Amino acid sequence: MKTILKNATLLPEYGYGNRLVSVTVEGARIVSIDLDPKDLDDADVIDCKGDLLIPAFYNTHCHAAMTLFRGYGEDLPLQRWLEERIFAAEDRLTYQSVLVATRLAIAEMLRNGIASFSDMYMFEDAVAEAVLESGIKANLSRSLVSFDPDIKLASDSRFAEFLSLARTYHHADDDRILVDLSLHAEYTNQESYCRQVADYARENRFGMQIHLSETEKEHRDCIARHGKTPTAFFHDTGVLDVNTTAAHCVWVEDSDLEILAQKRVNVAHNPVSNLKLGSGVMPLRKMLDAGIHVSLGTDGVASNNRLDLLREMQTAAILHKGITRDPAVTVAAEMLPLATRNGAIAQGRLDCGRVEVGYRADLVLINRNSLHNMPSYDDYAMLAYSADRGDVLFTMVDGRILYRNGAYTYLDEERLRFESREVFAHYFD
């Protein structure tokens, strides 16, 4: 199948200036970018009408099924939110509730231009089912916790769930699904267990997802327990020796930044969730200056309450200006890679995140003619400051348009609404 996206505007970095181009997609990849497209026969031709064609977004920290808890447990700090509301609610999760809640999350993400998400949760086989049926991509990880200091991987039921997930879904459907290992956090795991998981990840070439220094309490308590920060703890247990994505990193010290840079850790910045839970603000400028690879995540909607990478990017773009009182501490052009190319790299998807020949066709068309986007003197500034999720005209993943002008290709929106209401009605009765 060949698709030609004609009359598209690309960002200045691609070198076409104000000239409209045609991007040809065959199968999963971009095969040509031309000023004057040829060979229109047997192609699905879409007129982009001068709108902006950009890489799709990569959500590098998410708990998709937490759509079930949107609006539940509001206005609490993280530890009370977890202990008083979320942990008890999660004990009631089932395969079916996670499946339906994940379908809802995927529909929201596709509508918002997200091509891939990194998920850390339970019942990940249900998440995989929803991913495969929808066309989206995902890095899936069964969140691991350990409280017995003598626990061994061979006897751990949660690790057995990871093994089953990996055997069934790792590299499924031309790498649409990748399976990662995941240690939930330092405070939910034993040191010996972390070492075992790290060794397995390194020996078997799995990526890793962790929570890291999300709150001041987490950070201080770790120092009290181990005499070192959470970053140093994970460094010393070998967790950072593999391709690791560390979510949050709000309460990090200068010595932590050195470790994160040295170990090439991918830091997932979750500004909206961190603000809503009152956790603090990640030092974005210091990280970028230290050469740390930063991407963006939404976290779960129970602490956000949306799966919207544009909002994360725009929050990050202005938040750090305000807290540093420096309007130049972040600039518009450096924000988009956090939501696109950097996210793809964090997920191990090195052939994604660019509008270039040979790259996978994960693409989003943004309406440049929305009233709130006019005039667009600078498309980077438009994306960083004015564009809205409603400006997403289509979302393409691996060459297939999965959402376009309010309609889904593989998801039945009305059925999804019905199933979601049924699950919601019975979950908290």
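Which residues does Phe-69 touch, not counting residues up to four places away in sequence? Phe-69 touches Ile-86, Ala-89, Glu-90, Leu-93, Tyr-121, Ala-302, Tyr-427 and Phe-428, where contact means heavy atoms within 4.5 Å. The model is predicted, so local features need pLDDT of at least 70 and side-chain atom pairs count only at pLDDT 80 or more, while totals for chains, interfaces and linings use all residues. Residues are numbered from 1 along each chain as its sequence is written, and side-chain values use heavy atoms, with hydrogens and water left out.

**Nonpolar core**

- The largest nonpolar core holds 133 residues, and Phe-69, Phe-117, Leu-183 and Met-287 touch the most other members.
- Helix H2 (residues 95–111) gives the most to this core, with nine residues; helices (H or I, at least four residues) and strands (E, at least two) are DSSP runs, numbered from the N terminus.
- A nonpolar core is a set of buried Ala, Val, Leu, Ile, Met, Phe, Trp, Tyr and Cys residues joined through side-chain atoms within 4.5 Å.
- Buried means under 20% relative accessible area, exposed over 50%, and partly exposed in between (1.4 Å probe, protein chains only).

**Largest pocket**

- The lining of the largest pocket has 28 residues, of which Phe-87, Glu-90, Met-122, Ser-143 and His-184 lie nearest its centre.
- Helix H1 (78–90) and strand S7 (114–121) are the elements that give two or more residues to this lining, and H1 provides the largest share, six residues.
- A pocket is found on a 1 Å grid over the protein atoms alone, as an open set of points where a 1.4 Å probe fits, with protein on both sides within 12 Å along at least five of seven lines; lining residues have an atom within 4 Å of a point.

**Cysteines**

- The structure holds zero disulfides, a disulfide being a pair of cysteine sulfur atoms within 2.5 Å.
- Cys-194 is in no disulfide, and the nearest cysteine sulfur, that of Cys-222, is 9.9 Å away.

**Backbone features**

- The peptide bond from Asn-304 to Asn-305 is cis, with omega near 20°, and Asn-305 is found in the loop between strand S14 (293–296) and helix H12 (309–324).
- Asp-299, in the loop between S14 and H12, has a positive phi near 65° and counts as buried because its relative accessibility is 5%.
- Asp-75 has a positive phi near 60° and counts as exposed because its relative accessibility is 74%.
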